[in-house]
Amino acid sequence: MIPDNEWGSRVLAAFRNNWEGEGGTVASVVSYDPSGSVATAVRKLLNSDPSSMDMLFLLALPSYARQVPPTLDFYYAGDLPVYATSHLYEGIPQPRADHDLDGVQFVDIPWMIPDAAVGGTDALPFVSTYQQLAGENDPGLLKLNAMGVDAYELARRLPLIQALPNTQVFGATGTLQARDDDRIQRTLPWAVFQSGTPQPLLTAPASAPTRSPRLPKTTGRRREARRPPTPTSTVSRWTRTMTAPSNRRQLGQQVEQAAARWLEVRGLTLVASNQHAKGGEIDLIMRDGDNLVFVEVRHRRRSDYGHPAETITPAKQRRIIKAARFYLHAHGLSCPCRFDVVGVTGSLPALEFDWIRAAFDAY
């Protein structure tokens, strides 16, 4: 369902192109009059074969969108899933006004749906800046400010993006990633209305590359010591309240604890920490779906002289792999494994995290 104007035509063309490109089929299109009757538009939609419809894509402003689910329910089509754009949400929780949208799923930028953030508002990207700006601006201006924050952060991280072509930045406007054509692609988080307010829509994470359960010895090709050995990374800032550490070891432990909590917010489960073996140590062992993830945490207060991930030399990789092999043997485990790196910059309590998935292989 789209409005019968230029905006609706443009969105329909973009949606149809992407949907059919993914192998989907558009069963019916209803161009409605935004000032007209919702019942008329819904009846027109249902005049097509409802059994051929798996879901309804809705492009509408709040006043119109709020009438669609009850009308579908009136015509015995209330079980038809409804997916919408961010335009149906005004950016301010209004449970009484939006309760008719319950069950509708939509996308928006993280700053506009803070209560839908996995881990709560404290897990929002650049939360301190958000808290400062959210109280000063209306929702429309907050979106513009979020774009400005992300533009600044992308510019500041250009050297990292150039070194790690698949870097993902958890930004105020979504997850940002440089494409092969040097354009920035933005992926928005999903939310669902429950009791009239947006709530996080938790979906299964994309399957990560798996490794052989049996870790072979480290032989063959070598990597340069000063290059981050990573195909994929994610970047975010997170602020936590902590007591200033009294020594370097305590600092390392606090940084590792913060990294573990940061990863837990993003769906991983902590299994163990600081596992020692002959010649090596594993900072964090976590579960990511079916994968057992061995995480190396590296910290530098500043990245002026290189990113923390650059300190993981081939020799360090071999020690981590050896420790992982020992851990698997000692616990009788046989499962897909992955080696991740979390590069941490900044000083407590304000830390920035670079999460590099599958940073190196146990080749």
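**Close-up views of a predicted model**

**View 1. Ser-195 is exposed, because its relative accessible area of 59% lies over the 50% cut-off for that word.** The model shown here and in the following views is predicted. Ser-195 sits in the loop that runs between strand 9 and strand 10 (197-200). Its phi is near 55°, which is a positive value in a residue other than glycine. As background to this view, most residues other than glycine have a negative phi.

**View 2. Asp-182 is a residue other than glycine with a positive phi, near 70°.** The loop that holds Asp-182 lies between strand 7 (174-178) and strand 8 (184-187). Is Asp-182 buried or exposed? With a relative accessible area of 71%, Asp-182 is exposed.

**View 3. The largest nonpolar core has 28 residues, and those that touch the most other members are Met-1, Leu-56, Leu-58, Tyr-64, Val-68, Leu-88 and Phe-106.** At least two residues of this core come from each of helix 2 (38-46), strand 3 (56-58), helix 3 (62-65), helix 4 (68-74), strand 4 (82-84) and strand 9 (190-194). The largest share is that of helix 2, which supplies five residues. Apart from this core lies another one, of 22 residues, which includes Leu-292, Cys-337, Ile-356 and Ala-359. In soluble globular proteins, nonpolar side chains tend to be buried together.

**View 4. Met-1 is shown with residues that it touches, leaving aside those up to four places away in sequence.** Among them are Val-30 and Tyr-32, together with Ala-41, Leu-45 and the run Leu-56, Phe-57, Leu-58 and Leu-59. Tyr-64 and Val-68 are also touched by Met-1, and both of these belong to the residues of the largest nonpolar core that touch the most other members.

**View 5. The second largest pocket holds about 1,000 Å³ of space.** Of the 26 residues that line this pocket, Phe-15, Phe-57, Thr-85, Val-107 and Leu-188 are the closest to its centre. Two or more lining residues are given by each of helix 1 (6-21), strand 4, helix 7 (139-156) and strand 8. Which element gives the most to the lining of the second largest pocket? Helix 1 does, with six residues. Sorted by class, the lining has 15 nonpolar, seven polar and four charged residues.

View 6. The pLDDT is below 50 over residues 203-232, a stretch with 75 contacts in the model beyond near neighbours in sequence. Residues 237-245 also have a pLDDT below 50, and that stretch has 32 such contacts.

Notes: Residues numbered from 1 in each chain as written. Predicted model: local features only at pLDDT ≥ 70, side-chain atom pairs only at ≥ 80, totals over all residues. Heavy atoms only, no water. pLDDT = per-residue confidence, 0-100. Contact = heavy atoms within 4.5 Å. Core = buried A, V, L, I, M, F, W, Y, C linked by side-chain atoms within 4.5 Å. Buried < 20%, exposed > 50% of the residue type's maximum accessible area, 1.4 Å probe, protein only. Helix = DSSP H or I, 4+ residues; strand = E, 2+ residues; numbered from the N terminus. 1 Å grid on protein atoms, 1.4 Å probe; cavity = no way out; pocket = protein on both sides within 12 Å on 5 of 7 lines; lining within 4 Å. Points joined across faces, edges and corners; volume = space filled by probe spheres on them. Nonpolar A, V, L, I, M, F, W, Y, C, P; charged D, E, K, R; others polar.
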